[in-house]
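Hi,

Here's the structure I promised to pass on.

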Amino acid sequence: MTQVLNTSNRNFENRARMLIACPDRPGIVATVSQFLHEHGANIVQSDQFTMNPEGGMFFIRFEFDLNNLEQELPIIVEDFNRVADRFEMKWSTFRASRKKRLAIFVSKEDHCLMEILWQWKSGDLDADISMVVSNHLDMKEQVESFGIPYYHVPVTPDTKAEVERKHIELVSGQADLIVLARYMQIIPSKFIEEFPNRIINIHHSFLPAFIGGSPYAQAYKRGVKIIGATAHYVTEELDGGPIIEQDVQRVTHRDTVDHLKRIGRTIEKVVLARAIKWHLEDRVLVHHNKTVVFN
């Protein structure tokens, strides 16, 4: 169920978001709403979902406005612990005005990276891009034309441990979200542990089909009628993390491998940009290996 109230004339300086996951039971929405009301907050949007009203998990996202948010939000956070304990909640709050910092990793293909940069420049992605990291120099000039630092970190079989150390050094304290914009290297476990559910990858297929190299050639040989792309959080299971967004397009036997690649690139960049936007707006809750996305 989605309820939207008073969404005009937003004052993001005084807007916060609260995400909650807990076992479903009566009274959750009423209790949280009453709590926010008692603390002077005005709920402007609420979204909720239950996996099963009898014994399932319940998920809810609130946006609320609160005067003097900088001073008042810590009080809400401290006081809400009593409610959270009562309902066995996992919860978090975010200030809408605080932009998340992105670190973008890319190899040689530029379509996803350029889509992110243009959406960021136009204001459609509300974030600060702190850096672009690449194992190639191909896009250095393009990225630096946006005023964004570009770090070239070559990868070879003999330097992977050093590369991992360098990557962690670069992003530590500088990034809230890592975006793999067609970065064609395996992400090591230690790096994933540093950013749980904060690394988004775009996969060039409607998962789980055509995993590995030359996906469009594989699709062509199989005579597929639908191709797609999948944006997901990165876990140690290759291309097996929680899925945030997917999209597809119908194709025919008339489409060549090159046609499929062009169509696929368009789907990839759109799907990745959507997933990033939803993460930036705190619309994604992860439960085990699934996501609830309030969009």
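By a nonpolar core I mean a set of buried Ala, Val, Leu, Ile, Met, Phe, Trp, Tyr and Cys residues joined through side-chain atoms within 4.5 Å. Bear in mind that this is a predicted model.

The largest nonpolar core has 41 residues, and the members touching the most others are Leu113, Ile116, Leu272 and Ile276. Several elements put two or more residues into this core, including strand E6 (100-106), helix H3 (111-122), strand E7 (127-134) and helix H8 (257-280). H8 supplies the largest share, with nine residues. Looking beyond its neighbours within four places in sequence, Leu113 is in contact with Ile104, Val106, Val132, Met139, Val143 and Ala181. A separate core of 23 residues lies apart from that one, with Ile20, Phe35, Phe58 and Ile60 among them.

Now the rings: there are seven aromatic pairs in the whole structure. Phe35 and Phe80 are edge-to-face, with centres 5.1 Å apart and planes at 65 degrees. That pair joins helix H1 (residues 28-38) to helix H2 (residues 69-87), across 45 residues. Phe35 is buried at 7% relative accessibility, and Phe80 is buried at 0%. Phe105 and Tyr183 are also edge-to-face, at 5.5 Å and 80 degrees. Since Phe105 is in strand E6 and Tyr183 in the loop between E9 and helix H6 (189-194), this pair ties together parts 78 residues apart in sequence.

One more for you: Arg15 lies over the face of Phe12, 5.4 Å from the ring centre. As for disulfides, the structure has zero.

Cheers

How values were computed: Residues numbered from 1 in each chain as written. Predicted model: local features only at pLDDT ≥ 70, side-chain atom pairs only at ≥ 80, totals over all residues. Heavy atoms only, no water. Buried < 20%, exposed > 50% of the residue type's maximum accessible area, 1.4 Å probe, protein only. Helix = DSSP H or I, 4+ residues; strand = E, 2+ residues; numbered from the N terminus. Contact = heavy atoms within 4.5 Å. Disulfide = S-S within 2.5 Å. Phe/Tyr/Trp six-rings, centres within 6.5 Å; stacked < 30°, edge-to-face > 60°. Lys NZ or Arg CZ within 6 Å of the ring centre and 35° of its normal.
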